[in-house]
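Work through the exercises below with the sequence and the coordinates at hand. Each task is followed by its solution.

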Amino acid sequence: MTAPAPTALIPAKQRPGDRLFSGSALVAGSLILAVLAAVAAFLVIQSVPAVTTDPDDISILRGANIVEYIGPLVFGTVWAAFIALVLAVPVAIGIALFISHYAPRRLAQGLGYIIDLLAAVPSVVFGLWGGNVLAPAIQPLYTWLEQNLGWIPLFAGPASGTGRTILTASVVLAVMILPIITAICREVFLQTPVLHEEAALALGATRWEMIRMAVLPFGRAGIVSASMLGLGRALGETMAVAMVLSASGGITLNLISSSNPSTIAANIALSFPEAYGVNVNVLIASGLVLFAITLLVNTIARIIVNRRKDFSGAN
Amino acid sequence: MKFNTFGRAAAVTAIAALALTGCAANEGGATGGDDSENASDLTGTLVGSGASSQQSAQEAWTAAFQDANPDVSVEYDPAGSGAGRDTFLAGGSAFAGSDRAFNDEEVAAGGFGACTTDGIVEIPAYVSPIAVIFNLDGITSLNLDASTIASIFTGDITTWNDEAIASQNPDADLPDTAITAVHRQDDSGTTENFTEYLYAAAPDVWTEEPDGVWPLDGGEAASQTSGVLDAVTGGTGTIGYADASRAGDLGTVSVKVGDEYVPYSAEAAAAIIDASPVVEGRGEGDLALDIDRTTEEAGVYPVVLVSYLIGCEEYEDPASAELVKSYFSYIVSDEGQQVAADAAGSAPISSDLFDKATAAIELIK
C-alpha cells in the first residue's frame, strides 16, 4: 500500500438547495445561542439593582442581605432535587432494565408507552396530587419516623401535621423526573451490542451477571446523562413544589418537619404577584443563580459523559 | 289532595314573594336610575390596579358597571397593593385598590401622578371578615381570645388540650393532638390584616410588626388561600386563617371581644368599621380608618380585611374624574356592595359609612 498521492481539493458543487439548507441550519443553530445569550443578558442586567441597592430599602429581604436571602433558596433547590434524584434513579434503572431485558416483548412495549404518558402529565396535576392526596396519606409515616428513627438528624421532627414537607415534595419531583430518566436509560440499554451480551451468556453468566458485565458498563454514560436531564427538570420545577411544600424555614436537613427551605423557582412564583420595585430585581437575581446552577449541572454531566465515553464501548 | 292544595298555596305565596321582591329590585334600580341614565353617556377607559384581595369583587363590579355603561371599559390589574399604590403615585392608573391606606408620610409627600392637588379620596369599600379555621374531629366552633390565638401561631401552645384553650372551652372534648398552625407563604393582605389584629389585640404575645409576609420563621406554610384551606382540611389538628367566605365546613373560632365571644359574620365585620375612627389630620375625602382591633363593643368581629379604593380629589383629566366618580358611586351603592357580597363574600358597608363615602365621592372633580 503506497500513500495516496496528494490531490488538489475539488470544491464541491454548490446547488441552491445545499445553500438553503446549510443556511437555515446555521440560523437554527445560532438562534439557540442568541436566545440563551438574550436570557442571560436579561437576567444579569435586571439583577444589578438588586445587588447595588441598599438591602434596607428592599422590603422583600426583611433586613437580611441578598446572599442571606438567596442562600437558603439555593440549598432548598439543590437539596430537594438531590433527594428526588436519589429516589428516582434506582427505580428508573429498574424499570428500564425490566423493559429492555426482562419483560416479554408485548408487555415491554405497553409499559414503554405508559411511562412516556407519565411525562405528559402537567406539573400542576402532580402538585394537586402531591398536596391533596400524597401528603395526607404519607403523614402517619412521618410521625412513625419521628418516633422510631428520630435520632437520625434527617428525621428529627417535630413531624409535620399535614405531611407537606420537603420529602413529600421530593417524592413528587421523583415521580415527575422518572419518565425522562427511564426513557433514556431504556434506549441506552437497548443499544448494548448483542455480541457482548451473548458472549457473557456463553461464558456462563446468569442474566443478572450479564446485565452487570455487559449492559450497565455500556450504559453508564447514558445513565449519568439521563440523571442530569432529570436533575435539570427537578431543579427548575416550579408549580408542583409551590403547591406541595410548606416553605417557612431556613437551611435544615430535617426531612419531615413543617419548616422547610423553599426552592428558587417556587419562591419566584409565589412572591412575584405581590412584588414591585427592586423586589422584582431580587427575584430575578435568584433566577440568575438558578440559571448558573443549571448550567453548572449540565457542564458536569457533559464532562462525566465525555470521560466515560471511551470506556463504554460505544466507539 | 290536601297536600296539593297546600302546595298550590305555597306556590302562590312564593310567586307573590318573587313578584314583590321583583318590584323592590326594580324600585331599587329606579332610584339609582337617574345616575345610570346620566352615567350611560359616559365613554372611555378607566384603568385601576392594586390589591388582589379585591380581584373577585372588582371583576363583578366591572362587569355590572360595564353592563350599565356600555361605552365604558374598566380595567383592574390585580397586581398587589404595593404595586397598585406605586402605579397610582406614578400616574399610571386613575384609581388604586389597596389593603392599606396611604400612611401619613406618603400623604404628606403627595405628588400623585394623575391628580392636580395632593388631596386624595380613600374609601374603605371592601370589607371582608377573616375566619380563623381549624380541623378537629367533632368540633365545629371554639372560643379563643386574642392572646391564645397569638400563642398558637407563635408556637407557644403546642397541643389542643392546653389549659389556655380548655379553660375557654369547658364544653369541648379537646384531644391531645399536636397543633399545626398554617400560615400564608405568599405576600398577602389577609396576613397583613391578621397580624395587625394579633399585634394590636395581643401585644404581649405577638411582638412582630404587622406585615403582608408572615414575620416568623418556621411553622407550616401554604400558598394562596386555597393552599391554606387544603393544608388545614388535609392535616390533623391544623389551624389557619383565610377569607371567611371560603371557610366552608371547617371549624371556626369565635373571637373574644370585651366579655363575649363573637363568631364571624358580615354584620359583625361591618360593625368594626363603624366602631373605628377616621385617621385625623387627613383631607375631607380621605376616609382612612384607624381600625380599632381592640374594641370592646358588643357584636363586633375584629379580624377583618379592609381594602381601600383610592382616587384623586381633582383629576388632571376631567374625563377620568367623571368615570372614577360614577364607578366609585356604583361600588359603594347597595347594589354594588351586594354584587361584591355575592361574588366575593365580602361584608356590605353600613349606611353610616355609605353616607360618608358618598360625601367623599362628591368631592371628586
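**Exercise 1.** State what share of the contacts in chain A between residues at least 6 apart in sequence join residues at least 24 apart.

Solution. Two residues are in contact if their C-beta atoms, placed from the backbone, lie within 7 Å. Of the chain A contacts between residues at least 6 apart in sequence, 80% join residues at least 24 apart.

The model is predicted: local features need pLDDT of at least 70, side-chain atom pairs count only at pLDDT 80 or more, and totals for chains, interfaces and linings use all residues. Residues are numbered from 1 along each chain as its sequence is written, and chains are lettered from A and ligands numbered from 1 in the order in which they are written.

**Exercise 2.** Describe the side of chain B that touches chain A.

Solution. Start with the totals: 26 residues of chain B are in contact with 23 residues of chain A. Next, the elements of chain B giving two or more residues to this side are helix H4 (81-90), strand S7 (220-222) and helix H9 (224-234); helices (H or I, at least four residues) and strands (E, at least two) are DSSP runs, numbered from the N terminus. H9(B) gives the largest share, four residues.
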